[in-house]
Amino acid sequence: MDGKNAKRSEDITDEMWSEVLEFNRNMVQEYLDNQTDLSIKTKIAYKSGLRIFFYWVKQNLNNKSFLEIKKKEYVRYLNWITNRGLSDSAIKFKKSSVSSFCNYVMMMYEDEHPTFRNFTVGLKVVKTGNVYPKEPLTPDEYIMLCEELEKREEWQKLAYLVFTYSTGCRRAESRQLLKEVVDYPAKERKIKIVDEDGNEKEAISKSYQTHIIRCKGSSVVGKPRKLKFGEDAMQWMKKWLEVRGEDDCPYMFVVKYKNGKTRQVGEDTFNGWCKKFEKIIGRRCHPHQFRESRATNIVVYEHKSAEVAQKLLGHNDVSTTKNHYIIRNDEIDESDEAFI
């Protein structure tokens with residue numbers, strides 16, 4: 001498990017984890033069991049980070065107890081994850097997961113291990129500059145991707161793409177979608193819009209809402225929301241279910257096995273689908289990109305307010321939408337109007 005062929009977090013299997021020193025494994029589990037203030041997703045991420053570290057300890061420090069680890073040894077680990085080509089934020093998070101674990105042990109086991117100290121303290125994460133730029137899909141790229149998936153008859157991937165883009169939701173939220181939503185009625189209402197000539201007129205807004213979905217939030221269970229999506233998403237979800245046929249799984253997006261069993265997809269499945277999308281659009285693609293793309297396209301290309309994108313994405317503060325989700329490129333610069 002060297003720097004050139006480093007395994008990703010999801011590659012630390014239960015079998016590999018069982019090779020780690022039992023004392024280390026038990027302490028990690030106790031730590032995770034007692035983190036009641038963390039959201040489910042954050043706890044999963046911490047678990048992943050700690051598994052990576054302790055498997056590295058098994059491979060490189062003779063599987064020693066974490067109580068015996070020295071600062072200089074942890075520096076070796078930081079160098080290892082730095083050389084993997086991870087982004088600065090990913091490296092920082094992996095360090096924080098180990099640091100939080102050490103702080104827990106110091107607080108809870110002060111009497112049993114009085115000499116133990118947090119070996120991550122004082123060590124800086126070297127900035128690699130590996131920061132992936134945010135490059136939302138343009139409307140043309142999104143349409144091209146949809147058309148190609150339709151041409152290939154990749155109905156589930158197309159339904160996922162259009163639903164996720166339409167709602168601007170995250171991958172953890174997409175996987176919660178139940179197939180019963182195709183039976184939900186549409187909601188129509190009259191709204192006032194301004195046409196290209198600047199004239200105000202009435203139009204009919206037609207949309208659907210999901211059942212309650214647990215979205216990202218400050219609480220452990222997340223923020224319950226009903227996501228709003230359009231007619232195009234409904235069309236492709238119905239098509240997917242028609243092709244999928246009958247089964248007992250209540251979820252919209254599933255994995256089907258040769259033995260006929262069907263189960264809800266994991267989040268990593270969406271990552272795999274996006275890898276295939278990359279070959280179609282010719283550049284990097286990931287699930288969260290659809291959320292950024294939706295917000296950006298609403299404001300930059302459809303010329304609607306940032307508040308519209310904010311409400312769709314479920315942000316409490318419009319500044320979050322403006323500063324992190326609406327990405328403007330150099331070709332679209334409102335200051336150009338100063339030179340007319």
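Student: How many aromatic pairs does the count come to?
Tutor: This is a predicted model, where local features need pLDDT of at least 70, side-chain atom pairs count only at pLDDT 80 or more, and totals for chains, interfaces and linings use all residues. Residues are numbered from 1 along each chain as its sequence is written, and side-chain values use heavy atoms, leaving out hydrogens and water. Rings of Phe, Tyr and Trp (its six-membered ring) pair if their centres lie within 6.5 Å; planes under 30 degrees apart are stacked, over 60 edge-to-face, the rest tilted. By this rule the count is 29 aromatic pairs.

Student: What kind of pair do the rings of Phe 53 and Tyr 77 make?
Tutor: Their ring centres are 4.9 Å apart. Their planes meet at 75 degrees, so the pair is edge-to-face.

Student: How many residues apart in sequence are the parts that Phe 53 and Tyr 77 tie together?
Tutor: Helices (H or I, at least four residues) and strands (E, at least two) are DSSP runs, numbered from the N terminus. Phe 53 lies in helix α3 (residues 40-60) and Tyr 77 in helix α4 (residues 71-82). The pair therefore ties together parts 24 residues apart.

Student: Are Phe 53 and Tyr 77 buried or exposed?
Tutor: Buried means under 20% relative accessible area, exposed over 50%, and partly exposed in between (1.4 Å probe, protein chains only). Both Phe 53 and Tyr 77 are buried.

Student: What kind of pair do the rings of Phe 54 and Phe 66 make?
Tutor: The two centres lie 6.3 Å apart. The planes are at 75 degrees, so this pair is edge-to-face.

Student: Where does Phe 66 lie?
Tutor: Phe 54 lies in helix α3, and its pair with Phe 66 ties together parts 12 residues apart in sequence. Both Phe 54 and Phe 66 are buried. Phe 66 lies in the loop between α3 and α4.

Student: Is Asn 63 buried or exposed?
Tutor: Asn 63 also has its place in the loop between α3 and α4. Its phi is near 60 degrees, a positive value in a residue other than glycine. At 18% relative accessibility, Asn 63 counts as buried.

Student: Is Glu 153 buried or exposed?
Tutor: Glu 153 is in the loop between α6 (139-152) and α7. Its phi is positive, about 60 degrees, although it is not a glycine. Its relative accessibility is 55%, so Glu 153 counts as exposed.

Student: Which side chain makes a polar contact with the side chain of Lys 157?
Tutor: Lys 157 lies in helix α7 and counts as buried at 12% relative accessibility. A polar contact is a pair of N or O atoms within 3.5 Å; within protein, one must be able to donate a hydrogen and the other to accept it, and residues adjacent in sequence count only if both atoms are side-chain atoms. At 3.1 Å, the partner is Glu 154.

Student: Which residues is Arg 170 in contact with, leaving aside its neighbours within four places in sequence?
Tutor: Arg 170 sits in the loop between α7 (155-167) and α8 (171-174) and is buried, with a relative accessible area of 17%. Its side chain makes a polar contact of 2.7 Å with that of Glu 173. Contact means heavy atoms within 4.5 Å. Beyond those neighbours, Arg 170 is in contact with Cys 215, Lys 216, His 288 and Arg 291.

Student: Which residues line the largest cavity?
Tutor: On a 1 Å grid over the protein atoms alone, a cavity is a set of points where a 1.4 Å probe fits but cannot get out, and a pocket is an open set with protein on both sides within 12 Å along at least five of seven lines; lining residues have an atom within 4 Å of a point. Grid points are joined across faces, edges and corners, and a volume is the space filled by probe spheres set on the points. The count is 1 cavity of 30 Å³ or more, and the largest holds about 30 Å³. It is lined by Pro 133, Glu 135, Arg 284, His 286 and Gln 289.

Student: Which element gives the most to the lining of the second largest pocket?
Tutor: This pocket holds about 1200 Å³ of space. It is lined by 35 residues, with Ser 205, Lys 228, Arg 294, Lys 304 and Val 308 nearest its centre. Elements supplying at least two lining residues each include α7, β2 (200-215) and α12. With 7 residues, the most comes from β1.
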